[in-house]
Amino acid sequence: VMKLNPQQAPLYGDSVITVQLSEEDKVEDDVVFYLVFTGSTVQHCTSTRKINPGSLETISPGHDCCETVKVSLCASREGHPILVVAEESFQFVQDEAYDAAQFLASCAGNQQALNFTRFLDRSRPPAADVDFLDEKVALAFRHLKLPAEWNVLGADQSLNENIPRETLMHFAVRLGLLRLTWFLLQQPGGRGALSIHNNEGATPVSLALERGYQKLHQLLTEEGAREPDSWSTLSHTVHSGDYSVKHHRGLDVYLLTAEA
């Protein structure tokens with residue numbers, strides 16, 4: 001028996017999972033453990049890192065749908081066949097950050113919805129919460145399968161730059177979401193949004209300045225601004241056909257994802 005903690009992860013993955021081994025699985029140092037997640041259409045294999053003789057750590061993969069999957073703990077040792085030592089079920093769920101990313105993506109051109117998000121500003125969450133929100137929503141946004149025509153300014157590109165309006169970029173800057181702002185900057189319409197005034201005449205750039213968000217202002221105005229540090233900057237993914245391999249440098253864990 002092994003225990004997974006937690007027993008669920010958001011669809012976009014990238015959270016830490018701890019694996020408690022049973023007494024009989026606490027074995028010699030030359031055994032390598034990895035986890036295999038078997039979903040209905042994709043399969044993931046992750047390497048693990050030993051924390052102590054009785055527990056391992058790994059990173060949850062990003063999954064393609066909400067479902068319960070089977071997780072097998074496999075042990076390999078040079079010169080021996082690979083053994084499945086334990087099995088457990090694990091759930092991929094859609095969390096609030098994912099809901100938020102989906103909502104924001106869908107209302108890129110919706111003025112009512114964007115004006116509605118402004119009321120969040122009056123109940124300023126503490127800095128630690130903003131950081132957590134920023135991290136999670138940016139991870140979730142990355143994982144969304146955005147349509148090819150998706151644009152930070154919404155679908156209606158005929159709108160003139162000079163029409164005052166609220167944009168997703170105003171939203172991200174107003175809340176001080178550094179990583180989400182960076183993500184949006186890389187998307188179609190991201191740079192264009194920087195010069196758009198809202199009804200009060202504020203651009204995302206002037207908002208950052210007015211709020212004293214120095215890092216954010218640099219991100220928007222400096223030529224060689226680099227991606228802000230985040231959990232996802234610790235990851236590097238390589239895609240090849242139906243496979244992708246991700247290396248998480250933070251824990252030095254590898255994740256292989258393949259169509260099942």
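The model is predicted, so local features need pLDDT of at least 70 and side-chain atom pairs count only at pLDDT 80 or more, while totals for chains, interfaces and linings use all residues. Residues are numbered from 1 along each chain as its sequence is written, and side-chain values use heavy atoms, with hydrogens and water left out.

The patch lies on the surface and consists of Y243, V245, Y254 and L256, which together have about 370 Å² of accessible area (Shrake-Rupley method, 1.4 Å probe, for residues only the protein chains shown count as cover). Patch residues have over 30% relative accessible area and no salt bridge, and nonpolar side chains (Val, Leu, Ile, Met, Phe, Trp, Tyr) are joined within 5 Å, like charges within 9 Å. A salt bridge is a side-chain nitrogen of Lys or Arg within 4 Å of a carboxyl oxygen of Asp or Glu. V245 belongs to strand 11. V245 counts as partly exposed because its relative accessibility is 35% (buried is under 20%, exposed over 50%, partly exposed in between; 1.4 Å probe, protein chains only).

The helices come next. Helix 5 (residues 178-186) is mostly covered, with 8 of its 9 residues buried, among them R179, W182 and F183. The cover over these buried residues includes helix 1, helix 3, helix 4 (168-174) and helix 7 (214-221), where contact means heavy atoms within 4.5 Å.

Definitions and conventions
Helix = DSSP H or I, 4+ residues; strand = E, 2+ residues; numbered from the N terminus.
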